[in-house]
Amino acid sequence: MYAFTYHRATGLRHAANLLEKLEDPKILAGGQTLLPTMKQRLASPTNLIDLDKVEGMSEITAAGRSVTIGALTRHNDVHKSPIVQQAIPALAYLAGLIGDPAVRHRGTIGGSVANNDPNADYPAACLALGATIVTNKRKIAADEFFKGLFETALEPNEIITKITFPVPKKAGYYKFRNQASRFALVGVFVAKRPSEIRVAVTGAGSSGVFRVPSFEEALKKRFSPKSLEGLTIPADGMASDIHGSAEYRAHLVNVCARRAVAAADEKTPAE
Amino acid sequence: MPTVSMKVNGKDAKADVDPRTLLVQFLRENLRLTGTHVGCDTSQCGACVVHVNGKAVKSCTMLALTADGAEILTIEGLANGAQLHPMQEAFRENHALQCGFCTPGMIMTAVDIVHRKGNNLEEHTIREELEGNICRCTGYHNIVKAIGAGARAMSGEVTKQAAE
Ligand SMILES: Cc1cc2nc3c(=O)[nH]c(=O)nc-3n(C[C@H](O)[C@H](O)[C@H](O)COP(=O)(O)OP(=O)(O)OC[C@H]3O[C@@H](n4cnc5c(N)ncnc54)[C@H](O)[C@@H]3O)c2cc1C
Ligand code: FES
Ligand code: FES
């Protein structure tokens, strides 16, 4: 790890001011991605702004037909939240699949979404549920937010403050894990919303999370795993590495999508 | 250098540190609490698990400065004097360690599992919860057995503490 100057933010505004003022700054949330990255010297900020002691950014609230989760909410707290379990059980279930218990005690939803790892879980949920990413400057629809591998619509000095998820009629997530890293080799989040059906895929694409219009069309006719039988997606555009070829990933997208639809129907267990 | 202070195993600890200091380094090098191990230093193996404000955390993936003001529990703080913690006792009883390198992290994780999931743990729950702890020797079988037994033994412990 290269040397940096440490700053403990006392509030959101303090953090925002430090971000504007300091040279080559970076925010530290749960540190479960940033610290390993800094150890590998793939990131080397001059100034590190720690959000750990910032209050008021880890609340979960329900209002009307939506659930809002503060950016600093830990994965384990999303998993355990009665509000999330009740309104969007698939989201609570997804949070409980991230990494391992110790990672879930530190990692935050804001950090995960800001990082936009192509194998991360939350981006699929955000895109399928039509979430809104709220920052200290503006609101960004999930459709506009995820821009590719580790790329987002965030400006350099922008801080995610919370994420709002509209409550779907039903939703399901199925994750086919990479056994070694525990990230998604392929993960599919399916949401039946009042106005539309969305199928979002993480892990598979060579440029991050994406939707599958042909699956969405088929599910619109009938929301059942059967509707997806025999449908394929091209291997073109899938990621390919030692963990799985593009063809394998394309195949898994259909398998995971069918299982996600089945999970949505039986109400995903969110223990 | 910035100052960090925290409570470790019930005792106040304070030092000036390089901001890069990881919590595990602070424990091992500043406080000489070498029970907490570094197996991978890449957040994978769980040998470095300690409790921060009552929750299991990988201490190689947290800055010491972030733990400012926190209460830390390490493997050294678990036993009650010469009397082993029930989970430590269960690991000994069940031959749940060979080289012992992973053991401190396993035990700290095990105690955290009991705090979250209670005293009656199914085998598959234990295996799922051990996702972030790697052992290169035992094949896990006896670790899983020990955690089940330790969890049950801890229920006695809680009532005993409550009675005192
Ligand atoms: C062993 C292991 C297994 C994992 N498995 C999974 C998995 O299965 N699925 C999965 O999805 N993830 C997984 N992760 C990643 C984990 O979910 C991280 O917690 C998450 O990616 C980053 O969140 P963080 O709070 O730790 O952010 P940090 O590491 O602190 O920050 C990550 C990046 O986001 C930026 N950032 C953080 N917060 C904000 C904010 N509020 N606004 C703007 N920018 C911000 C930081 O500057 C940094 O660039 C795993 C990690 C580990 C170590
Ligand atoms: S040393 Fe921390 S997880 Fe391996
Ligand atoms: S006993 Fe040797 S690594 Fe677990």
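Student: Leaving aside its neighbours within four places in sequence, what is A:Gly110 in contact with?

Tutor: A:Gly110 is in contact with A:Ala71 and A:Ile160, where contact means heavy atoms within 4.5 Å. Before we go on: this is a predicted model, where local features need pLDDT of at least 70, side-chain atom pairs count only at pLDDT 80 or more, and totals for chains, interfaces and linings use all residues. Residues are numbered from 1 along each chain as its sequence is written, chains are lettered from A and ligands numbered from 1 in written order, and side-chain values use heavy atoms, with hydrogens and water left out.

Student: OK, and is A:Gly110 buried or exposed?

Tutor: Buried, with a relative accessible area of 7%; the cut-offs are under 20% for buried, over 50% for exposed and partly exposed in between, with a 1.4 Å probe and protein chains only. A:Gly110 is in helix 7 of chain A, residues 109-115. Helices are DSSP runs of H or I with at least four residues, strands are E runs of at least two, and both are numbered from the N terminus.

Student: How many residues of helix 8 of chain A are buried?

Tutor: Eight of its eight, over residues 122-129. Among them are A:Tyr122, A:Cys126 and A:Leu129. Just after that helix, A:Gly130 takes a positive phi of about 70 degrees.

Student: Switching to the interface: how many residues of chain B are in contact with chain A?

Tutor: 24 residues of chain B, against 30 residues of chain A. B:Arg20, B:Thr66 and B:Glu131 lose the most area on the chain B side, together 25% of what that side buries. The total buried area is about 2,300 Å², with 54% from carbon and sulfur atoms; that's accessible area (1.4 Å probe) lost when the two parts are put together, summed over both.

Student: How many salt bridges does the rule find across it?

Tutor: Four, taking a side-chain nitrogen of Lys or Arg within 4 Å of a carboxyl oxygen of Asp or Glu. A:Arg8 and B:Asp68 meet in a salt bridge at 3.6 Å, N to O.

Student: Last one, in chain B: how do strand 1 and strand 2 pair, parallel or antiparallel?

Tutor: Antiparallel, over six bridges, with strand 1 at residues 3-8 and strand 2 at 11-16; pairing takes at least two DSSP bridges between the strands. B:Ser5 stands opposite B:Lys14 of strand 2. Their hairpin has two residues between the strands, and B:Asn9 takes a positive phi near 50 degrees there.
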